[in-house]
Amino acid sequence: MCGRYQSWIEDEELVKIVEREKKGSSQLYFRKEEITPGMTTPVLYGGSICVRAGTAVWGYPVEKEGRTKLIFNARAESAASKSLFRDDIAGGRIVVPASGYYEWKDGRKYRIGRGILYLAGLFRQMDKGYRFVILTTEPTSEIRPIHDRMPLLLSHDEIEKWLYDESFSRRKLLTPNTVSLSAEAV
């Protein structure tokens with residue numbers, strides 16, 4: 001998955017969750033057409049009683065050769081074996097709501113998906129707040145001609161399982177997407 005997704009969410013249930021958490025400031029986050037690494041955006045996480053909404057910055061800052069680099073995606077199939085993500089698989093799973101994402105091929109930009117998509121992700125608290133990465137997996141047959149990776153997608157019914165059930169989540173990391181998504185050049 002390339003480094004952009006769309007956040008123009010109109011799903012009534014999600015807006016209510018975020019409005020409750022952000023006390024009316026959700027529109028600030030929902031009016032961004034394209035979210036890029038380093039931006040703050042809404043995420044869903046497992047609270048002690050129910051699914052909660054909050055905000056986090058997309059990307060884990062990692063020091064490499066004296067420079068800070070943002071890691072914004074993680075391969076679902078190998079995340080549990082990587083030291084950077086291992087602890088987050090156990091206790092830092094989130095859902096990133098999106099209304100599509102973008103890929104580029106041969107100089108053309110493609111918008112993929114319509115309606116609300118739930119992207120599986122990982123998060124952690126860092127020095128200045130929460131940070132997250134989006135998990136990617138093998139593409140479906142519709143997306144393969146455009147890109148060799150795509151976000152790990154969750155159905156609405158899988159959100160709570162992803163957030164609260166570690167054994168479900170570990171199985172989901174190894175399960176290919178089956179959702180059919182449309183792609184259009186923009």
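Analyst: Two parts of the chain are in contact when heavy atoms lie within 4.5 Å of each other. The model discussed here is predicted.

User: Against which elements do the buried residues of H6 pack?

Analyst: The buried residues of H6 pack against H3, H4, strand E8 (93–98), E12, strand E14 (153–154) and helix H5 (159–164).

User: Which residues of helix H6 are the buried ones, and what puts them on the same side of H6?

Analyst: Helix H6 spans residues 166–173, and its buried residues are Phe168, Ser169, Lys172 and Leu173. Around the axis they cover an arc of only 140°, and therefore they lie on the same side of H6.

User: What makes the contact between Lys109 and Glu34 a salt bridge?

Analyst: The term requires a side-chain nitrogen of Lys or Arg within 4 Å of a carboxyl oxygen of Asp or Glu. For the side chains of Lys109 and Glu34, the distance from N to O is 2.3 Å. That value is within 4 Å, so the pair meets the definition. Lys109 belongs to strand E10 (residues 108–112) and Glu34 to strand E2 (residues 34–35); the pair links distant parts of the chain, 75 residues apart. By this rule the model holds 7 salt bridges.

User: Why is Glu34 called partly exposed?

Analyst: Buried means under 20% relative accessible area, and exposed means over 50%. Glu34 has 24%, which falls in between, so Glu34 is partly exposed.

User: How do you know that Arg149 forms a salt bridge with Glu77?

Analyst: The closest N and O atoms of Arg149 and Glu77 are 2.8 Å apart. Since the cut-off is 4 Å, the pair qualifies. This pair also links distant parts of the chain, 72 residues apart: Arg149 sits in the loop between strand E12 (129–137) and strand E13 (150–151), and Glu77 sits in helix H3 (residues 76–79).

User: Which of the two, Arg149 or Glu77, is buried and which is partly exposed?

Analyst: Arg149 has a relative accessible area of 5% and is therefore buried, being under 20%.

User: Why is E12 described as mostly covered?

Analyst: In E12, 7 of its 9 residues are buried. Each of those residues is thus under 20% relative accessible area.

User: What other strands pair with E12, and in what sense?

Analyst: Strand E4 (residues 51–58) pairs with E12 in the parallel sense over 2 bridges, and Val57 has Arg131 as its bridge partner in E12. Strand E7 (residues 73–75) also runs parallel to E12, with 3 bridges; there Arg75 is partnered by Thr136. E13 pairs with E12 in the antiparallel sense over 2 bridges, and the bridge partner of Thr136 in E13 is Pro151.

User: What makes the phi values of Glu65 and Asp106 worth a remark?

Analyst: Phi of Glu65 is near 55°, a positive value in a residue other than glycine. Asp106, likewise not a glycine, has a positive phi of about 50°.

User: Where are Glu65 and Asp106 found, and are they buried or exposed?

Analyst: Glu65 is in the loop between strand E5 (60–64) and strand E6 (67–71). Its relative accessible area is 76%, over 50%, so Glu65 is exposed. Asp106 is in the loop between strand E9 (100–105) and E10. At 73%, Asp106 is also over 50% and therefore exposed.

How values were computed
Residues numbered from 1 in each chain as written. Predicted model: local features only at pLDDT ≥ 70, side-chain atom pairs only at ≥ 80, totals over all residues. Heavy atoms only, no water. Helix = DSSP H or I, 4+ residues; strand = E, 2+ residues; numbered from the N terminus. Buried < 20%, exposed > 50% of the residue type's maximum accessible area, 1.4 Å probe, protein only. Pairing = 2+ DSSP bridges. Arc of directions from axis to C-beta.
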